[in-house]
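Subject: Structure for your files

Hello,

Here is the structure I said I would pass on. My notes come after it.

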Amino acid sequence: MSRRPVAVAASLLTVLALGALSACSGNSSASTSSGGSGGTPTVKLMAGGLDKQIYLPYQLAQQLGFYKKYGVDVQLSTEQDGGVGAEEAMASGQVDMAGAWYNHTIEFQAKGKAVEDVVQLSGAPGEREMCTKKSGVTSGADFKGKTLGVTDLGSGTDTLTQFLAAKKGVKTGQFHRIGVGAGSTAIAALQNGKVDCVMTTQPTVAAIEKKGVGTSAIDLATTRGATAAMGGAYPAASVLARTDWVNSHKDTVQRVVDALVATMHWINTHSTADIANKLPTSFVSNQLVSKADYITALTQDKGQFLPDGIMPAGGPKTSLATEQLVGNVKGSVDLSKTFTNEFALQANKTEGFKTTTTPAGPTG
């Protein structure tokens, strides 16, 4: 998902900023050359906010040692406030892969760029429309005349906000959208009356509720909630890569997908407390939330994660309909070129995992 600032304490931002600068130095071709002992391939992967619950699988795979287990050195970095988005960094070759939302593949194709989703981690955006009590907002129909906060203009939350309005017949010109980031800046926007609502994720949602400055008006945080609000599962968190890079690095891609599919299976078979215990302390306990808050929030929204990394049937069609309704995509789109289940299916087969997600076909 594009341009999503991280929601963590200042100390963590400093650490991640240094990591991002390090990970983005050099060129993509150099990053994938064999290096280290045994010629282990190295992959640079930038995520749209490593500390966000919607993107936790990337870091969790590292913490569990799964990248190492499957023979790939994944160098993680995170988007910075005001910096280049993960998907744009991937498309320009600054990094090899992006931990971002699936819908960007559709937008890239509309712009003549070949980018594909190689493993699907969630079937819902993991977002909630958090609104002040006096806003009176309970659905997109109530957006008229309101000021709505999004991560940034042009981001995935911006697209979703416009979609929720359009579904209820409210035109974009009938409400105001402003970028408020995430974490402390999003909370401040609600607290100071700068916005009536803000679309955001955990753990920011938990912090807003704890401070009493807003409540969840629209649930897009679970597959069930997304289906009710959007008409179908909405594939969000994924791993995106340029199609030409995927075709020339199939073995490396398979290793990354193997690690992430194993991670999704681990998430599905472990408690939220187990998950929190494996993540970096700064992710689960910081100036916004306590560890107990984090676990409660994850328990509430864990339903967004898919257990097997497979793109769900109908998901691409829902995403395309969203892009078309808000006007981001006007021409024809070949959905078969925006995602592949090849690597995820192989990963599940290799490990003997039972798959429960119905795979999307070529038409989505």
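The notes below cover the disulfide, a helix pair and the nonpolar cores. Please keep in mind that this is a predicted model.

Disulfide. The structure holds one. Cys-131 and Cys-197 form it, with their sulfur atoms 2.2 Å apart. The torsion about the S-S bond is about 110°, so this disulfide is right-handed. The pair links distant parts of the chain, 66 residues apart: Cys-131 sits in strand β6 (residues 127-131) and Cys-197 in strand β9 (residues 197-201). Cys-131 counts as buried at 2% relative accessibility, and Cys-197 is buried at 0%.

Helix pair. Helix α3 (residues 56-63) and helix α12 (residues 250-268) have axes that come within 9 Å and cross at roughly 100°; the two are therefore roughly perpendicular to each other. On the α3 side, Leu-56, Pro-57, Tyr-58, Leu-60 and Ala-61 take part, and they meet residues of α12 including Leu-260, Met-264 and Trp-266. The residues of this contact divide into 10 nonpolar, one polar and no charged.

Cores. The largest nonpolar core has 68 residues. Among the residues with the most contacts inside this core are Leu-56, Tyr-58, Met-97 and Leu-260. Its largest share, 10 residues, comes from α12. Leaving aside residues up to four places away in sequence, Met-97 touches Val-118, Val-253 and Val-256, among others. Another core, of 17 residues, lies apart from the largest one and includes Ile-178, Ala-186, Val-213 and Leu-288.

Regards

Key. Residues are numbered from 1 along each chain as its sequence is written. This is a predicted model: local features need pLDDT of at least 70, side-chain atom pairs count only at pLDDT 80 or more; totals for chains, interfaces and linings use all residues. Side-chain values use heavy atoms; hydrogens and water are left out. Axes are lines fitted to C-alpha atoms, for helices over the stretch in contact, and angles run from 0 to 180 degrees between N-to-C directions. Helices (H or I, at least four residues) and strands (E, at least two) are DSSP runs, numbered from the N terminus. Angles under 35 degrees count as roughly parallel, over 145 as roughly antiparallel, 65 to 115 as roughly perpendicular and the rest as oblique. Contact means heavy atoms within 4.5 Å. Ala, Val, Leu, Ile, Met, Phe, Trp, Tyr, Cys and Pro count as nonpolar, Asp, Glu, Lys and Arg as charged, and the others, Gly among them, as polar. A nonpolar core is a set of buried Ala, Val, Leu, Ile, Met, Phe, Trp, Tyr and Cys residues joined through side-chain atoms within 4.5 Å. Buried means under 20% relative accessible area, exposed over 50%, partly exposed in between (1.4 Å probe, protein chains only). A disulfide is a pair of cysteine sulfur atoms within 2.5 Å.
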